[in-house]
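Subject: Structure handover

Hello,

Here is the structure for your files. My notes on it follow below.

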Amino acid sequence: MVVLNRIYTRSGDEGMTRLGNGEQRKKYDLRVAAYGMVDEVTAAIGVARLHTGETPVVDAMLKRIQNDLFDLAADLCSPDKGKGPGGERLAVNARQVKRLEDEIDLLNADLTPLHTFVLAGGTPAAAHLHLARTVCRRAERLIVSLGDSKTTIAYLNRLSDYLFVAARLANLRHGTNDVPWTRR
């Protein structure tokens, strides 16, 4: 069990932070940036969830995804791939990647095929889901440069696809069409 009764430690005042294994790194370290960016994805999904309550199935999926992302960030925080403080290893696995694929297929079944690219927008839910998708893609690109787990990369790749489909569904559920890209 985690107990946080004191939030500030002052250890970051010199630009350093500790990884899950206790190793000190600069705050601009690629690994620190990677799990920080996953935290951004989690927060962006949290903002999107402010607008997804009318679609309880999607909202429940997003809540579970936020928990998955916490495990993914914990994995990135431990470069030696050792056990966590409770003895277990937090990470995403192939079963979670498959679950995202199944959820994409489930949500996509209600959507018409696309014949053009779409722009972010339509409803507040869709706009926020598209924003979460772009932050997820940025995290994925950074984590690829770390050379980390293929499962981690696959999870983020599917998650960005999931967020795209969820954004399209959010528009459909509110009677709003996708915002089509038009060539000028």
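The crossing of H2 and H5 is left-handed, meaning that the near helix is turned anticlockwise from the far one by less than a right angle (clockwise would be right-handed). Helices (H or I, at least four residues) and strands (E, at least two) are DSSP runs, numbered from the N terminus. H2 covers residues 56-76 and H5 residues 150-173; their axes come within 12 Å and cross at roughly 160°. That makes H2 roughly antiparallel to H5. The axes are lines fitted to C-alpha atoms, for helices over the stretch in contact, with angles from 0 to 180 degrees between N-to-C directions; under 35 degrees counts as roughly parallel, over 145 as roughly antiparallel, 65 to 115 as roughly perpendicular and the rest as oblique.

Contact means heavy atoms within 4.5 Å. On the H2 side, the residues in contact with H5 include Met61, Leu62, Ile65 and Leu69, and on the H5 side they include Tyr155, Leu159 and Leu163. By class, this contact has 13 nonpolar, 1 polar and 3 charged residues (nonpolar: Ala, Val, Leu, Ile, Met, Phe, Trp, Tyr, Cys and Pro; charged: Asp, Glu, Lys and Arg; polar: the others, Gly among them).

A note on provenance: this is a predicted model, in which local features need pLDDT of at least 70, side-chain atom pairs count only at pLDDT 80 or more, and totals for chains, interfaces and linings use all residues. Residues are numbered from 1 along each chain as its sequence is written, and side-chain values use heavy atoms, with hydrogens and water left out.

The pLDDT (the predictor's confidence in each residue, from 0 to 100) has a mean of 89 over the protein chain, and 92% of the residues reach 70 or more.

The chain has 5 helices and 4 strands, in the order β-β-α-α-α-β-α-α-β from the N terminus.

H2 also packs against helix H1 (residues 30-49), at about 170° with the axes 9 Å apart. H1 and H2 are therefore roughly antiparallel to each other. Their contact includes Tyr35, Val38 and Ile45 of H1 and Leu62, Ile65 and Leu69 of H2; its residues divide into 11 nonpolar, 3 polar and 4 charged.

There is 1 aromatic pair. The ring centres of phenylalanine 117 and tryptophan 181 are 5.9 Å apart and the planes stand at 70°, so the pair is edge-to-face (rings of Phe, Tyr and Trp, its six-membered ring, pair if their centres lie within 6.5 Å; planes under 30 degrees apart count as stacked, over 60 as edge-to-face and the rest as tilted).

Regards
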